[in-house]
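Open the model in your viewer and keep the selection panel at hand. This tour goes stop by stop.

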Amino acid sequence: MAVGRVDVGSGSPESRGRREGSLPPGRLTPGPTCRVDFSWPLAFRFLGRSMTGFAGDTVASALYANGVRVFGRSLKYHRPRGLYSMEGESSNTLMEIDGVPNECAETTELREGMSVRAQNVRGDPKTDRFAFIDAFDRLMPAGFYYRLFHRPYGLWPLFQNGLRRMAGTGVLDPRRELEGGGRGRSGTRGRAGVGAGGGARADGGSRANGVQAERYLNAAVAVIGGGPAGMAAALAAAESGMRVCLFERRRWLGGHLAWRAREFAGEPIHRRGEGLAALLLSRSRAAGLVKVFTSSPVTGVWGENLVTGFTVGGEDHPFRECHWECRAKVVVVASGCMERPLVFNHNDRPGVMQAGTAWRLARTHAVSPGKVAVFSVADDLSLEVAVDLADLGVEVRAVADAREVGRQDPPLVAALEERGIPLLTGWAVSRSIGRRWVTGCELRAVNGSGSRRLRCDLLVANAGWQPRIGALATAGARLAYCTHTHTFQPAELPDGVFTAGSLTGLRDPRSIEASGRLAGSRAAEWCSGAAPRLATAPRECESLPAPEPGCDIRHGPAIGRGAKAFVDLDEDGTYKNVVESAVQGFDVPELAKRFGGFGLGPGQYRVTGQNLAMIMADLGGDPVEAASPTTVRPPLVPPSLATLAGPGHDVHKRTPLHGELAARGAVFRRAGPWQRARYFGADPRLAPGVDRGSVGGRRSGRGSAKIGRGSADADCGGAKASRGSAEAGRGSAKAGRGLRDEILNVRRNVGLLDSSPLGKFRIFGPDALRALQRVYISDLSKARPGRCKYSAMCNDMAHVLDDGAIIQDSERNYYFTTSSGRAGSTVEWFRYHTRHDGWDYHLVNLTDAFGSINLAGPNARGVLERVTGDDVSNEAFPYMGCRRITLGGVEVRCLRLGFVGELSYELHVPSSYCQFVWGQLMDAGADLGIRPFGLEAQYCLRAEKGHVIVGAESEARVTLTDLGMGWLWDREDTASKKVGAPALRACEKQPGRMKLVGFRVEEGAGSGGPGSPRDGALVVDGGEIVGYVCTTRRSEVLGWQYGMALVREGHAVRGDRIRIREDGGRGGRATWSATVVDPPFYDPAGERLRA
Amino acid sequence: MKGSAPRRSPVVFDAAPAATEVRDGWIVVLRYEEEGSVGGGPRLGEGPRLGGGPSLGGGPRLVDLSHRRRWDYQDSDIGARTPMDLPVPPQFGEVGVHGPLVINRMNRTQAAIWHLGAGPSPATPRDPALTETTDGHCMLAFVGPGVPAALEHLTPLDLFDPARTTPFLTQGPVLRVPCQIVTFAPDLVVMSLARGYGGPFARTALASGGLAGLQIAGEGVFNSRFAQM
Amino acid sequence: MTFRLTCPVCGKRDIREFTFGGQERGPRPEQPGLSAEEHFRWVQFRMIPGAGAEAGAGAEDAGAPAGGRADTRREWWYHGQGCGVWFRTTRDPMTNREVEGGGGQG
């Protein structure tokens, strides 16, 4: 299966068959490797000017063809920058495309209607208003950001803002939403296989969710690089029956063969690549073993060969970018080479470019790179470029080759001679000449003797080749300088990582291909343990040309001397800055990188890495083999943040009653994995954020609301979970009627709460009781059929984690409930704390199997009696009882508990019947005033009753006894080794602990104010902070403000007057007086829940 | 009496059913309108397929099987037991297909039994080690050509490892939700997950799997494929 | 940063599927006569690789490596996204790789 757009061949013959006379301006006659289709023009805008490109262009090639030479301005000095590379190796051509900043023009495909703008400029990049900054470079030496403008310190923010305004790259619009793949306006241009998809997306129907995608792959062999070596490796591995994924960052396969027209071994070189690609794609279609991903750069290789990257969606993709992860047994890295930039004076001037850039402009995009060219190179492939460009009509005035005489490939030397191009061996460019772009250059002998000035509008410069080591380095390979190839080469490869291709220094196309075959068969062997099928591959490799010697030139002749020579284009890091770093002691690449910012820009190590290391070794007087690379970090190629964020799906849990609640106007909130109803009747005044205003605009309590018995995430480490406040609850007590009505209706009539997220479990087996005794703090041998036994779980530090009811269903068979926040970790908790015991018990998580409906209020029994024939009288079914009753034909488990402080029945209904049962209850209770209530109401109701919620009234410092719940603890039992018992024993008598107390806020002028205290307010004694308010509300039923606080022991005894304080906020400091009273505040005798 | 009360699946597709059947209180959709027409089928996660694959209309389908009965079986000596007269597969991850019933060996002490075949589902035998979990789960089937490509958008799990013999069980995250997944064949995968996730899970599966052409279908598509097992 | 663990039931899986259960510290101590200090030492103290002993105490933990070198650790992990089994594995914290034969003890 082929993913991504795969162009095997090149443009159609028709498009190439145009006569030269009809060529668009700036274009060459398309050759056999051209990928631009002149029959398909694309209109786009650059800085408001209309321009025309063609299908197959990148934004950069189209701009270049339209005569644009200055693409942007540099980060610090605002120097003009042009098209230097073709693979996004520098930030020169980061542009704002269709409103998205920092898009790489070199790799972004041109589309109809695109709007392109330059970055870091005021106005046109040709005439940037900040261009004068270049002259003030003395103010900005290496590390200036850390050293200058800091004194006096108070002025730094001013400077900082100014510097940031003048520097930097694109500006992100945080309000901008990504549209349907960013291609909404692009029409339906497409190549092979573009169907209705493009049109379907144009309506914007796939906003947000459809734009980003994720894909997970499993393979035996992952091949990084779709050049000849990568393709050969993939084919070899697939031949051994392995699942193979191949990732190629370009839109097409073939690597550097794809634009080489030279004859080699009887055919044009590009044909070799096309042949391999066709074979690979036919394999992938046939067997399904090979998956080929183009337009898919790798972002990194992680532990145990997880390869990550992303695919850039084209017209035929339903996504803009798709993040993928490929888990492979073996990785073959065939990521190829890039040019090592030559560091010389004014090497950043537009018109200076890599040999490959000039070549690909001409051969891939049929764009004339320039009229008169000078070359300063150091390898044979670049000589081939000079010959090829000369054949395409570029006047090549001279070729300087930094290597000494005799190192050049004789046929290429002959070809240059044939075309009358002077070859200056042992020479290199010393500086470029011109203003905004190159008009000439100066060549010098590398040893310094002699110089020549030449006029040109294209200066092709490099210092030879360097491998793309990114994938290798992130995979964990140790790299060392190789004195033969003069590149960094893997000295040590991690398990299951192989290399192939030009990365290893090979240059001969046959050798490159053979190395791929060898790596592929070795990879297959590594996976299967079987002998490789291609036993001839090693011998084949031996018989072919080995890696060629490289060039070790560090920089151009006569470097410096008042001119800027850039080691790093992105961060404007010059040769002089490297010297400054070294002088100040930052004299190894890793230190200089941080001090001077070399290689910290978007291009990362690519432009800078090897040059920085070589120059640094040089400055230190070390031999070049001492050069060490800086650490390469992912992402190797930047995906958009939206891609990393993913499709944005939210897979949450819904209760079986979600639809019923929504129909009643429920306002939902997320509690752990669940969506839960906060309250009903979407009163805008109750919406979060709005209700804050209603309490005087002061900052509301910290953290989110922790609600209900089903409070989420309320584990023992829950300092974060504590001090929460039910914000809407507060707000509504003053402003909203809806919540107050819900509360009063439970107190006066009957309410219905969906508490389905409540944890529900079955535990059975010979050792079930032992397991319960281990994790629960009470004596659960007292659990009986038909009775709810209330207990709590603590952790080893005696902090309360959870509470719930335990019911014995039969011998060795129990049913128990947990708070909804703990439901997900209950099985884990039981098994963890019995992991050494080998007990025979079994847990079944029934949380989702039963919905839970809490029927609460004085009329609850009246409602229940109408829907069941079973006896639910107080005598037959007393408080804390548990019965199975049949309700409308459905058998449900019914627990008579009283969390909200009223007569209430908790019905555990099989989930599929929940809607039916809910409807029965609502119908039966219609004339008894039944109405649903939400978590906010439950939160207030239970607080009036003084019932604690773990995480709201407890936190990571609070034990069971601190909460006043020590009566739950079976202190006699040491045989069960209860979790938390030793800590409870140790803390019980500890002085100065925080204890939970209740209080009543005093009313009237003497108390304080303004307003009333809120959750999280401080409890103070004199000037000392002695505790804080966990929950406080004004009770409609009681008519006064009550609350619970954690206060250091001794500072709040019953009857005491305490001071509550809130600091900050608009009103400054506010204090209130309160009296310490024992909870429960409501119905202290508990008559109502036993009624 | 129980059969008379209506039961609801956690998954409700936003599409018009063409044929339904009431079974044990559940309204089972056998076929949706437009299903099977060329390029058709009700779409939620709309989008063209990636790369090659089957022709339109025969792509991967998502079928809700939440109404099929399921049981959890746990015993410390599970290998010697025959819950519901089924032999427990000896290896972890092994799946036994016995007519309409499928038994998955989950770990040392646990197995899951699914009723996937046609016909009435068996009653729960009186066995304390057995717990019916039908209402605890959402169950979904992925049927048809292109299922592997659709699932690649949902899970990093290797559900089609050529080294494993089908059918086999995988327990792991799909859309980050813990699932029990049985790979019967490259074109038939059934998974169960906590019921609460059901609705949002199915919606997301369609949106993400839709990139590979995933569409919804009624139970009929699953029935005819499973009958070939 | 990512690595994998070998679940005794499910085989090699991504680390994201597991929860960490701390180092192996032996079974829960008997409670009669257990002093607070002994209890808290068992709960809180961890062996630090390379320290040669558990932090702040004598080298009483069996299996503590000698010398100041980071060494392998015996750990508990829970396969919460998968089969729901706690297991022990031996891991080298320098490489995050399991040690040969370290995985798979239920």
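Predicted model: local features only at pLDDT ≥ 70, side-chain atom pairs only at ≥ 80, totals over all residues.

Residues are numbered from 1 along each chain as its sequence is written, chains are lettered from A and ligands numbered from 1 in the order in which they are written, and side-chain values use heavy atoms, with hydrogens and water left out.

**Stop 1: two domains of chain A**

Colour chain A by domain: domain 1 (27–166), domain 2 (216–301 + 324–337 + 468–543), domain 3 (344–462) and domain 4 (554–640). These bounds come from an automatic or database domain assignment. Now keep domain 2 of chain A and domain 3 of chain A; their C-alpha centres are 31 Å apart. Seven residues of domain 2 of chain A and nine of domain 3 of chain A make the contact (heavy atoms within 4.5 Å).

About 790 Å² is buried between domain 2 of chain A and domain 3 of chain A, 60% of it from carbon and sulfur atoms. Buried area is the accessible area (1.4 Å probe) that two parts lose on being put together, summed over both. Select Trp259(A), Arg260(A) and Arg262(A): they supply 65% of what domain 2 of chain A buries against domain 3 of chain A.

Three salt bridges cross the interface of domain 2 of chain A and domain 3 of chain A (a side-chain nitrogen of Lys or Arg within 4 Å of a carboxyl oxygen of Asp or Glu). Show Glu384(A) and Arg260(A), which pair in a salt bridge at 2.8 Å, N to O.

**Stop 2: Trp1072(A)**

Is Trp1072(A) buried or exposed? It is buried, with a relative accessible area of 2%; buried means under 20% relative accessible area, exposed over 50%, partly exposed in between (1.4 Å probe, protein chains only). Trp1072(A) sits in strand β51 (residues 1070–1077) of chain A. Strands (E, at least two residues) and helices (H or I, at least four) are DSSP runs, numbered from the N terminus.

**Stop 3: salt bridges**

The structure holds 84 salt bridges over all chains.

- Select Glu953(A) and Arg942(A): their closest N and O atoms are 2.7 Å apart. Both Glu953(A) and Arg942(A) are buried.
- Move to chain B for Asp135(B) and Arg7(B), at 3.1 Å. Asp135(B) and Arg7(B) are 128 residues apart, and both are buried.
- Finish in chain C, where Arg13(C) and Glu17(C) form a salt bridge at 2.9 Å.
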